[in-house]
Amino acid sequence: MRPEEITTIFGNDAGGSAPEGERVQAAAAASLRSISKKFKKAVVLEDIDFDMAEGESLVLLGASGSGKTTILRIIAGLEEPDTGRVILHGKDVTELPARERGVGVIFQSYALFPRMTVEKNIGYGLRIRGRSRKEIKKKVDELIELVGLEEHRRKYPSQLSGGQQQRVAIARTLAYKPQVLLFDEPFGALDAQTRVRLRREIRALLKRINVPALFITHDQEEALELGDRIAVLNAGRLEQIGTPDEVYNRPETEYVATFLGAANLLLGVVSRGDVEIGTAIIPAPVETARFREGQAIKLVFRPEDVHISKTGDLPDGCRRLTNGVIEEIRFVGAYERLTLRLDLVARQPSEGEPVLYNVALAGREKRTGVPIVATRPKPEANANLLNVGDRVAVGLTAFRVLANYTLASERSGRMVTR
Amino acid sequence: MRHVRGFDVVRPLSITTLIAIMLPLVLLPLASIFIFGTSKGLGSFWAALTAPEALFALQLSLVTSFWATAFNVLFGLFASYVLSRHNFWGRNAIIVTISLPTAIPTAVAGFALLLLWGPYGTLGRLIAPHGVQIMFTAWAIILANIFVTFPLAFGVIKPVFDTMSRSLEEASATIGATRWQTFWYVTLPSLRGAIVTGALLTFARAVGEFGSTILVSGNLAMRTQTAPLYIFAKFNEGQVEAANAVAIVLALLSFFIFSILFFARDWLDTD
C-alpha cells in the first residue's frame, strides 16, 4: 500500500479494520513544522517544531497560557497557524478543514452529544459517513466492549460518571480510526483518585490500540506517567522535548528544571573544571566541559539529590558542596523535607565579575548563607535523626550545570519549590 | 415562629387570602364565559360554534397564526444563529430592533403596516398597479401576526444558543461532520425545547391578536375576520351567545397551550 493510500483510508474511510502493522512507515504520525501563531498582537506560539512517532504518547506540558491548547487546536484544524505546516502521516493537512483531517479530539468537557445515547454518540462518526446500520452496530458493539460500557449503552451522557463519559468520548473518536488522538486536559474535571485510575486505564488502552496520542496538561505527575515523551512549553516556546527521564534528570533550561518537580538553583562560575559557588567549590569536570572558563552558570539540583551528613562523611559518588545549618524539618508523608542554609559567602570578585552571594540577601534577619531544600526518604530520616540547628556537611549525588544567560535579572541563590 | 404542635392558622389563612385576591381578578372572569356560554344548554352553544362565520373565523385565526409562527420560529433560529455565532459592528442594534415589537402597542403596529402596504403606502403604491393587494387580505393578518410576535421565538432560542457549548459543534466537526450535519444532528436537537416553547408562545399570542389585525384586515366576515374580531363584532351586534361560543374555544386553546408549556417543562428543558 502506498503512503498516500494509507492517509486516504484513515482520513475518509472509517469502516473495516486495517491491520495496525500496515500503518508503519517512514513518515512520523504527526509533525509540526515551525508553527507560529498570534492572537491580535500577543504571540501565542513561536516556531513550534516536533514530531510524533507511530503509537507514541506525547505530553505537552505547560502552565496555563503557555499555548498548549492552541497547538492542539491547530493540529485538529480548529485554529489556523499564522505560519508553519501540520503534517499527518506524511500528508500536509495545514489547509484542510477539521472534518477532513481524521483527528480524534477528546475535549476537556468531553463534548458528548447530550441528546444521543452512548451508542449513538459512538456511532456518530459512522452515521455521518453514511454507513449501513449493520456496519455501525457491529463497530459500536466492538468499541463499547473495548471501553467496557456494555451496561451503559442506552444511557445518556448526563447519566454517566466523568470517567465513563471520557471513555465514550474516546470510543467515539476510535470509531472512525483517527490518525492521531488529541486529549485536552483529559483529567481536569475529575477528582484526584479517579484521575490516577483513569490515566492508567488510558495508557493501557492506548498501548492496545496503538494510535499516537497527544496529551495537554499542566500536571507534571500526569505528564511523567502518561508520556513516552514530554514536551515542555513555556510562553509559546518549546523549552525541551524528551523522555520523562531526560526532562526530569537532564533538564536543559531552568524553566524545565523548576516546572517538572522541585529544583534548587545556585549561581556560580566555571573554574578549571570545577564550579565555584561563592566560596564553595564542587568538582564537575564532565558537566562543565561544554562551558568556557569563567562563564556564569547555574547549578541545578533536585531536593532528593542532596545528601546530608552530620559526621561529614559522604558516600562515594556524592560530591561535597559545602556545609550548612538545618533551619526547618517537616514530615511530608513518604519523606522528610529539610530547609538548609548553606555557608556560601561571596568571594571577593575580580574586576568586572558578577558578585555572587552577597551578604545583602541575608535581609532583615542578618543571616548569611543561601537556603536550599533537601528531602530524605523515611528509612534514612529514621536512621540518622537530625534536628533544627544541626551543622551538617552537604553533598550532591546529581546535578546539572546550565548556562546563565540572564544573570543580571537573576536573584542569587534562588530556591524554587513547587 | 413555627408551631410544632397544634393548629397553625397562618397556613390556611394565607392560602385563602391568595385565592380571595385572585378570584375577582382572574378566576371569576374566566369562569363566567363558561357559565354563560353553557347556560342555554350545550345545544345552543354547539349551534353558535358551528355557524359558518364562527368556523371560518376560527379557521382563519389558526391558519394565519400557524404561518406567522412557522416564519418567526425559522427566523428566530436563523437570527439566533447569526447573532450568537458572529460578533460584528451593530450587533446589539439588531438585537434591540428584533426585540422592539414587544414594546410597541399593537394598534401602532397595525397602523404602521397600513402606512407601508396600504394602497397609498410607501410600498403598497408600487405593487398596487400590478393588481397586488396585501392589506385587507389574509396576508395582511399574517404580516401583522409576524410583526407583533416577532421577538418571542427569538427571545427563547437565543439564550439557549448562547449557553450552548461551542465544543459540541467543534467535536462534531473533528469527527467529520459537515456544517449542515452538525446543525441537524447536534445543534438542532439541543434547541428542541426552545423551539417548541418559542413556537407555542408565538402561536398563543398570534391566535389572540386583536389590535393590529383589526386595522390591517378590514374585519370582513367570511373573508378577513379572525376569531377575536368575530367576538368583537358579534358582541357589538348584540349576539352575545355567538361571541361567547368562540371565546370559550379561544380560552380552551390557551389553557391547552399553557398546560403543555407547564407540564412538559422537564421534557422541554432537558439538554
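Leaving aside neighbours within four places in sequence, A:Ala231 is in contact with A:Phe50, A:Leu58, A:Val59, A:Leu60, A:Leu61, A:Leu238 and A:Ile241, where contact requires C-beta atoms, placed from the backbone, within 7 Å. The model is predicted: local features need pLDDT of at least 70, side-chain atom pairs count only at pLDDT 80 or more, and totals for chains, interfaces and linings use all residues. Residues are numbered from 1 along each chain as its sequence is written, while chains are lettered from A and ligands numbered from 1 in the order in which they are written.

**Nonpolar cores**

- The largest nonpolar core holds 107 residues, of which A:Ile75, A:Val180, A:Leu182, A:Leu214 and A:Ala231 touch the most other members.
- Strand β11 (residues 263-271) of chain A supplies the largest share of this core, six residues.
- Apart from it lies another core, of 52 residues, including B:Leu60, B:Leu152, B:Phe161 and B:Val216.
- A nonpolar core is a set of buried Ala, Val, Leu, Ile, Met, Phe, Trp, Tyr and Cys residues joined through C-beta atoms within 7 Å; buried means 20 or more other C-beta atoms within 10 Å of the residue's own, exposed 12 or fewer, and partly exposed in between.

**Strands of chain A**

- An open sheet of four strands runs in the order β2-β1-β4-β5 (chain A) with antiparallel pairing, and its edge strands are β2 (42-52) and β5 (91-92).
- Strands are DSSP runs of E, at least two residues, and helices runs of H or I, at least four, numbered from the N terminus; two strands pair if DSSP finds at least two bridges between them.
- β1 (residues 30-39) and β4 (residues 83-88) of chain A pair in the antiparallel sense over five bridges, with A:Arg85 in β4(A) as the bridge partner of A:Arg33.
- β12 (residues 274-277) of chain A pairs with β13(A) in the antiparallel sense over four bridges, and A:Glu276 stands opposite A:Ile281.
- Two residues lie between the strands of this hairpin, in which A:Gly278 takes a positive phi near 55 degrees.

**Helix packing in chain B**

- Helices α3 (residues 52-85) and α12 (residues 227-236) of chain B pack at an angle of about 145 degrees, with their axes 7 Å apart; axes are lines fitted to C-alpha atoms over the stretch in contact, and angles run from 0 to 180 degrees between N-to-C directions.
- B:Glu53, B:Ala54, B:Ala57, B:Leu58 and B:Ser61 in α3(B) meet B:Ala227, B:Leu229 and B:Tyr230 in α12(B).

Notes
Two residues are in contact if their C-beta atoms, placed from the backbone, lie within 7 Å.
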